[in-house]
Amino acid sequence: MEGVLEMADLLLKGGSLIDGTGAPARPGTSVLVSGDRIAAVGPEAERAASEPGATVEVVDVSGLTVMPGLIDAHCHVTLGEPASNDELFHHREPAFSALLAAFNVGKILRAGVTSFVDVDGIHDIGVALRDAIAAGMVEGPTMRSGGYALMTAVGGTAGRMIPDEGTAGYAEVVRSKDEMVRATRRQIKNGADLIKIHATGNIPSRRGESQVWTLEELKVVCDTAHDLGVPVVAHCRGSDCTRDAANAGVDVIYHASYMDDDALQAIIDNGASLCPVFTFLANLAEHGAKAGATSTAQDVFRGEMEQTGAMVKRAFDAGVPVFCGSESGFSITPYGHWHHREMEVFVEQLGMTPLQAIMCCTKNGAVAMGEVGEVGTIEPGLRADVLVLDGDPVADIGVLGDRSRFRHLLLRGTPVDLSRPWPERRPVPGERVVAWSAVPLTWDLVHP
Ligand SMILES: [Zn+2]
């Protein structure tokens, strides 16, 4: 926050700097922070700090890594970690959800995330939370927020829970092109930073997701939003849908599952960005059993990560901005735990170097935030969002998930208190759906 309190400048002295641009780490590189900005880097930082009359607090960070705060391009901060669609669609009250979201941004922040995009959510809470953070009422990362996700009546991943009209959960159903225009303008009036479309959806009797928006319908939303200077993002599971979304003008494609050559070319031709959001799938496939996940889709997910991952790497090599998104907000992706995980997947499955993966989660994240030149790298003039940790992410990208290694975190130039863990909370009555049993209690079960 500017101008509230005059703070001394801060010199992070002698750390190993990973600046977020993809350049190799520079050992022994100091960073000078003044107010909410990075003032200088390297010898210039030390020279400015030693000028006569300079009031500078010096923090010795030699032996530590200094890097930009992480930028998570795909979160759902208002969902409250539901374990099922039933919970998400029927057991989330507006007032409690807002309070819970304000609590949960503290967890996201303490995972080293200093900016995030909340792509869609429930009860229009996201925009209000973004404003409360910006106003200094709630401590949290800088936030960009969508509103409800626009869906045709066949949309989303919740099957028949999506109603034929109105809103439910994170969905706003638009039944015609007129309603698409109206909903887009209403969301923008309410303050949405982006419009999210669920371009594919789940029909319970079919495998996978089907494209449930026409090219023309996608264009209606893109044209309406773009006229008002607002980007459009789309959930696309399926190659034809990815191609159509890119051709319609969608700015960020999420998932892009099973993208083929035509879809990749459409992304390149139209200047779209890509955010595959593998983390949810990777967690479910690799660790789900530890949390008692009963999904049988593990192999499907592994296949999707392999095939789609290879295409995302080709997109990255062709210069398409690729973002890291964690899908944080579900029981498989709780807040504050997995914001680094996409980088692990990029290294292990896509064959990116750790520095490339870090760039996707820092410099490229600025594209997702609509803040290129403002955040995402450690360079003079940029916002002072800085993470200092004991560990080398170039040797092991996984250290970015180990919060016990974090030594300092600057959020807009202000140190975040890392001295105590964020408090755990108890569940609130009515919040969780409890099943009566895992299987039907038949007579035969009782009489084996
Ligand atoms: Zn999502």
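Reader: Which hand does the crossing of helix 7 and helix 8 have?

Author: Helix 7 passes helix 8 in a left-handed crossing; a crossing is called left-handed if the near helix is turned anticlockwise from the far one by less than a right angle, and right-handed if clockwise. Please keep in mind that this is a predicted model, in which local features need pLDDT of at least 70 and side-chain atom pairs count only at pLDDT 80 or more, while totals for chains, interfaces and linings use all residues. Residues are numbered from 1 along each chain as its sequence is written. Helices (H or I, at least four residues) and strands (E, at least two) are DSSP runs, numbered from the N terminus.

Reader: What makes helix 7 roughly parallel to helix 8?

Author: The axes of helix 7 and helix 8 (residues 261-270) come within 8 Å and cross at roughly 15°, where axes are lines fitted to C-alpha atoms, for helices over the stretch in contact, and angles run from 0 to 180 degrees between N-to-C directions. Angles under 35 degrees count as roughly parallel, over 145 as roughly antiparallel, 65 to 115 as roughly perpendicular and the rest as oblique. The angle of roughly 15° therefore makes helix 7 roughly parallel to helix 8.

Reader: Which residues make the contact of helix 7 with helix 8?

Author: Ser-239, Thr-242, Arg-243, Ala-246 and Asn-247 of helix 7 make the contact with Asp-262, Ala-263, Ala-266, Ile-267 and Asn-270 of helix 8; two residues are in contact if their C-beta atoms, placed from the backbone, lie within 7 Å. By class, this contact has four nonpolar, four polar and two charged residues, with Ala, Val, Leu, Ile, Met, Phe, Trp, Tyr, Cys and Pro counted as nonpolar, Asp, Glu, Lys and Arg as charged, and the others, Gly among them, as polar.

Reader: What makes helix 9 roughly perpendicular to helix 11?

Author: The axes of helix 9 (residues 279-287) and helix 11 come within 9 Å and cross at roughly 80°. Since the range from 65 to 115 degrees counts as roughly perpendicular, helix 9 is roughly perpendicular to helix 11. Thr-279, Ala-282 and Asn-283 in helix 9 meet Arg-341, Glu-342 and Val-345 in helix 11, and these residues divide into two nonpolar, two polar and two charged.

Reader: How do you know that helix 12 is largely enclosed by the rest of the structure?

Author: Six of the eight residues of helix 12 (residues 354-361) are buried, so helix 12 is largely enclosed; a residue is buried if 20 or more other C-beta atoms lie within 10 Å of its own, exposed if 12 or fewer, and partly exposed in between, with C-beta atoms placed from the backbone. The buried ones are Pro-354, Ala-357, Ile-358, Met-359, Cys-360 and Cys-361. What covers them includes strand 5 (65-68), strand 6 (70-75), helix 11 (341-348) and helix 13 (363-369).

Reader: Why does Val-394 count as partly exposed?

Author: Val-394 has 16 C-beta neighbours inside 10 Å, a number in between the two cut-offs, so Val-394 counts as partly exposed. Val-394 is placed in the loop between strand 18 (386-389) and strand 19 (406-411), and Val-394 touches Ala-25, Pro-354 and Leu-355, not counting residues up to four places away in sequence.

Reader: How many bridges join strand 15 to strand 16, and how do the two strands run?

Author: Five bridges join strand 15 to strand 16, and the two run parallel; two strands pair if DSSP finds at least two bridges between them. Within this pairing, Cys-236 stands opposite His-255 in strand 16. Six of the six residues of strand 16 (residues 252-257) are buried, so strand 16 is largely enclosed by the rest of the structure. Strand 15 (residues 232-237) is also joined to strand 12 by four bridges, again in parallel, with Ile-195 opposite Val-232.
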